[in-house]
Amino acid sequence: MDSAERRKRIVQILTNAKGAVTGTELSQQCDVSRQIIVGDVAILRAEGLGIVSTPRGYQLIGDILPGVQHVFVCCHDMELMQVELEAIVDNGGVVHNVVIEHEVYGNLEGTLNLRSRRDVKQYVKKMKDSQAELLSRISGGIHTHLVTAACQEDIDAIQEALESLGVLYT
C-alpha cells in the first residue's frame with residue numbers, strides 16, 4: 001500500500017478503535033516500521049486531524065467532549081500524583097490533560113486521557129520507568145486538568161475528593 005492508502009488505513013483503525021492504539025500495533029497492521037507510523041501521524045496532524053498521543057497510544061479526539069467539563073487547578077509533587085489521578089477517575093471523571101503556564105512559552109500541555117485506575121497505573125509506571133519529571137515541576141507544582149464526567153454530581157464528588165487530599169490550588 002502506498003503512503004496515502006496507509007494514512008487512510010491509520011485513520012480507519014483509530015476511528016474504529018474503542019481506545020488508544022499503540023504505534024507498534026499500527027505498524028504491524030500497516031506492515032511498516034513504527035517510525036513510518038510516527039511520520040504518518042505527524043502528517044495527519046498537520047492536515048488537521050485530531051490525533052493525540054497518550055501514554056497508551058494514539059487516539060482520535062473530537063471537538064466536543066461528552067458530559068460536564070471542569071478545569072481543576074491543583075498543586076502537588078510526584079508523591080501525590082497517583083492519588084490525585086485516582087481520586088478523579090474513581091469518582092467518574094476522565095482526565096484529558098495536564099497544563100502548566102510557562103513564563104516564556106505560555107501554556108504547555110500534555111495529553112493524558114485517563115479513564116480508569118488501570119490507565120492511571122500504566123501512566124504512573126511509564127513515568128517511573130522513564131524517570132520523567134512531572135510537567136508541573138516547571139511551575140512549582142501548579143497545574144490544571146481538564147476533566148469530564150457524566151454529570152455535575154460526579155464533578156462535585158471529584159472536587160470534594162481533591163479538597164480532602166489537599167491538592168486543589170486555592
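This is a predicted model: local features need pLDDT of at least 70, side-chain atom pairs count only at pLDDT 80 or more; totals for chains, interfaces and linings use all residues.

Student: Which elements give two or more residues to the lining of the largest cavity?

Tutor: The lining includes M81, E84 and L85 as well as H143 and H145. The elements that contribute two or more residues to this lining are α4 and β6 (142-149).

Student: Which element gives the most to that lining?

Tutor: Helix α4 spans residues 81-90. With three residues, the element that gives the most to the lining of the largest cavity is α4.

Student: How many nonpolar, polar and charged residues are in the lining?

Tutor: Among the lining residues are L112, S136 and E84. By class, the lining has seven nonpolar, four polar and one charged residues.

Student: What is the volume of the largest cavity?

Tutor: The structure holds one cavity of 30 Å³ or more. The volume of the largest cavity is about 80 Å³.

Student: How are α4 and α6 oriented to each other?

Tutor: Helix α4 (residues 81-90) packs with helix α6 (residues 152-165) at an angle of about 160°, and their axes are 8 Å apart. Angles over 145 degrees count as roughly antiparallel. The orientation of α4 and α6 is therefore roughly antiparallel.

Student: Which residues of α6 does α4 meet?

Tutor: The crossing of these two helices, α4 and α6, is right-handed. On the α4 side, the contact is made by V83, E84, A87 and I88. In α6, they meet I158, A161, L162 and L165.

Student: How are α4 and α5 oriented to each other?

Tutor: The axes of α4 and helix α5 (residues 117-130) come within 9 Å and cross at roughly 160°. The crossing of α4 and α5 is right-handed. Since an angle over 145 degrees counts as roughly antiparallel, α4 and α5 are therefore roughly antiparallel to each other.

Student: How many nonpolar, polar and charged residues are in the contact of α4 with α5?

Tutor: M81, Q82, L85, E86, V89 and D90 in α4 meet R117, V120, K121, Y123, V124 and M127 in α5. By class, the residues of this contact divide into seven nonpolar, one polar and four charged.

Student: How are α1 and α3 oriented to each other?

Tutor: The axes of helix α1 (residues 3-16) and helix α3 (residues 34-46) come within 10 Å, crossing at roughly 80°. Angles of 65 to 115 degrees count as roughly perpendicular. The orientation of α1 and α3 is therefore roughly perpendicular.

Terms used: Residues are numbered from 1 along each chain as its sequence is written. Side-chain values use heavy atoms; hydrogens and water are left out. Axes are lines fitted to C-alpha atoms, for helices over the stretch in contact, and angles run from 0 to 180 degrees between N-to-C directions. Helices (H or I, at least four residues) and strands (E, at least two) are DSSP runs, numbered from the N terminus. Angles under 35 degrees count as roughly parallel, over 145 as roughly antiparallel, 65 to 115 as roughly perpendicular and the rest as oblique. A crossing is left-handed if the near helix is turned anticlockwise from the far one by less than a right angle, and right-handed if clockwise. Contact means heavy atoms within 4.5 Å. On a 1 Å grid over the protein atoms alone, a cavity is a set of points where a 1.4 Å probe fits but cannot get out, and a pocket is an open set with protein on both sides within 12 Å along at least five of seven lines; lining residues have an atom within 4 Å of a point. Grid points are joined across faces, edges and corners, and a volume is the space filled by probe spheres set on the points. Ala, Val, Leu, Ile, Met, Phe, Trp, Tyr, Cys and Pro count as nonpolar, Asp, Glu, Lys and Arg as charged, and the others, Gly among them, as polar.
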